[in-house]
Amino acid sequence: MLFRSSINGIGDDVWAVGAEGSIVHFNAKSGQWDQQVSPTTFDLTALYTNGNEMWAFGTHEAVLHYNARVHQWEAQHTKATYSLRAMYANGKSVWVVGDAGTIIYYDSTKKRWQEQTSSTKNNLNVIYGTGNNIWAAGDKGTILHYDPSNGRWVSTVSNTTGDLAAICGTGSEVWVAGDSCLLYCNDGENWHLLDNGSSISHLDLINNDLWATSSMGIFRITKPPRMLPCLIKVKELVAANSGKITLQLMFDSSFTPTANFQNSIFLETVPVGQSSKTISTLYGVFQQTGSQTFETEFDPNQSGEGSE
């Protein structure tokens, strides 16, 4: 039995892990999978690579590291006491998060694992970082930010109580998602709720587009709303004539529009008339018509996103 996120690789080398410590390796020369010797009998639920090294981890604090020099997996002696869920590595430094607020850190200078205080007992499901700018997120809206100046994790206000299961980013920009929420942060502190309707299980940035798998399927957000810290909802389908639709949009109270505000993307799925055709991504320009109300007009025949 294999688990979610349980396959990964470096170059032509591919590994998969699963129940009772099972590890298999794809041999590119023979085109076959070979069973690997595993130093644990605990379930391995995920693999992580930073492009140079490979790690496996899972239940009962199991952490394994692949020694490429001798081609074998080696057990790591961590101080974790709970199951582990996600990993991030910056060079030789490694962080792993897991159940009950567990965070363990591999100190490459001291060559040992040590626990870090997370200030939460909620499960931590995901971790993301660029350099030492690191975020961890988990159940009940928990989001932590790592402060490299003192090695501490700081809790931030996420504006949601949903369980968070996905994270990705680029530079200082980070997106987090989970149960009925999609969140965005670009200043290292303040999180903005962009959507509260879809339950998202995975996020990834590919060619500057934000991709997500959700309870409603797979969707792409072209040109993610990096400068749009607000929740957008369709208030009313004003008109649907000659293939064009006019929408009245409402922004949440956390957004204060300016007189010259405009943005070139809208992400809501909108029905066109009474037909089954929908617009999954609408392109246009929002113009302010009131303190919190915007109107815009779209031509679905030009968006390229409609489907019957």
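All five of the five residues in strand β6 (residues 54-58) are buried, where buried denotes under 20% relative accessible area, exposed over 50% and partly exposed in between (1.4 Å probe, protein chains only). Strands (E, at least two residues) are DSSP runs numbered from the N terminus. The model is predicted: local features need pLDDT of at least 70, side-chain atom pairs count only at pLDDT 80 or more, and totals for chains, interfaces and linings use all residues. Residues are numbered from 1 along each chain as its sequence is written, and side-chain values use heavy atoms, with hydrogens and water left out.

**Strand β6 and its partners**

- Burial extends to both faces of β6, with Met 54, Ala 56 and Gly 58 on one side and Trp 55 and Phe 57 on the other.
- β6 pairs with β5 (residues 44-49) in the antiparallel sense over five bridges; two strands pair if DSSP finds at least two bridges between them.
- Within this pairing, Gly 58 of β6 is the bridge partner of Leu 44.
- β6 and β7 also run antiparallel, joined by three bridges, and Ala 56 stands opposite Leu 64 in β7.

**Hairpin turns**

- Four residues separate β5 from β6 in their hairpin, and Gly 51 in the turn has a positive phi of about 95 degrees.
- The hairpin of β6 and β7 has four residues between the strands, and His 60 there takes a positive phi near 55 degrees.

**Positive phi in other loops**

- His 71, in the loop between β7 (63-67) and β8 (72-75), has a positive phi near 55 degrees although it is not a glycine.
- His 71 counts as exposed because its relative accessibility is 59%.
- Ala 100, in the loop between β10 (93-98) and β11 (103-107), is likewise a non-glycine residue with a positive phi of about 55 degrees.
- Ala 100 counts as buried because its relative accessibility is 17%.
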